[in-house]
Amino acid sequence: ASQREDSGSDDEDSNSQSNKGFPPILVCPITHALMCVPYKDCKGYTYERAAIMKELTEQPGICPITKDAYPDSVPGLEFDKEVSNKIREYLEYRTLKKTAVLCQDCRSTIGDESQVPQWTALHHAMAR
């Protein structure tokens, strides 16, 4: 299971304002804020490093999402480079949106004219 599949919850409405419309994959499931230093556990969930470390201090060896014990009580945390790159790309994308043109495919606003092909693909990936 990944957090992308499990991101829907009863708390979704109450958290929608705190994550300010960021793509769910970029939002920590603990803090409900955009991650800065994303770390993935052995179950495939990605968290803000400080948040998962705090959770593991309070409940060692327990997954904060499933509430199940990690195998051998070891979360297997590692830096999530893929999510880190997506966060960086998303922040660049939002910056470019200030000088926006319309996406050629769906007519949503994206980056400046010189960046249209690159940002069209990113825009469609982030919109999911």
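## Tour from Lys40

Select Lys40. It is partly exposed, with a relative accessible area of 29%. On this scale, buried means under 20% relative accessible area, exposed means over 50%, and partly exposed is in between (1.4 Å probe, protein chains only).

A note on the model before moving on. This is a predicted model, in which local features need pLDDT of at least 70 and side-chain atom pairs count only at pLDDT 80 or more, while totals for chains, interfaces and linings use all residues. Residues are numbered from 1 along each chain as its sequence is written, and side-chain values use heavy atoms, leaving out hydrogens and water.

**Stop 1: Lys40 and Asp80**

The term stands for a side-chain nitrogen of Lys or Arg within 4 Å of a carboxyl oxygen of Asp or Glu. Lys40 sits in strand S1 (residues 38-40) and Asp80 in the loop between strand S3 (78-79) and helix H4 (81-96), so the pair ties together parts 40 residues apart in sequence. Helices (H or I, at least four residues) and strands (E, at least two) are DSSP runs, numbered from the N terminus. Now check accessibility: is Asp80 buried or exposed? Asp80 is buried, at a relative accessible area of 5%.

**Stop 2: the sheet**

Keep Lys40 and show Glu78. Glu78 is the bridge partner of Lys40 in S3. S1 and S3 pair in the antiparallel sense, over two bridges. Pairing requires that DSSP finds at least two bridges between two strands. Then show all of the sheet: three strands, open, in the order S2-S1-S3, with antiparallel pairing. S2 and S3 are the edge strands, each pairing on one side only.

**Stop 3: helix H3**

Select residues 49-58, which make up H3. H3 lies across S1 and S2 and runs at about 95° to S2. Axes here are lines fitted to C-alpha atoms, for helices over the stretch in contact, and angles run from 0 to 180 degrees between N-to-C directions.

Which residues of H3 are buried? They are Ala51, Ile52, Glu55 and Leu56. They cover an arc of only 130° around the axis, which puts them on the same side of H3. That arc is taken from the directions from the helix axis to the C-beta atoms. Strand S2 (46-48) is included in what covers these buried residues. Contact means heavy atoms within 4.5 Å.

Zoom in on Ala51. It is buried, with a relative accessible area of 10%. Not counting residues up to four places away in sequence, Ala51 touches Cys28, Ile30 and Thr31. Draw the C-alpha to C-alpha distance from Ala51 to Ile30: 6.6 Å in space, for 21 residues in sequence.

**Stop 4: helix H4**

Select Arg88 and Glu92. They form a salt bridge, with the closest N and O atoms 3.4 Å apart. The two are four residues apart in H4, about one helical turn. Arg88 is partly exposed at 41% relative accessible area. Glu92 is partly exposed too, at 34%.

A search of the whole structure finds four salt bridges.
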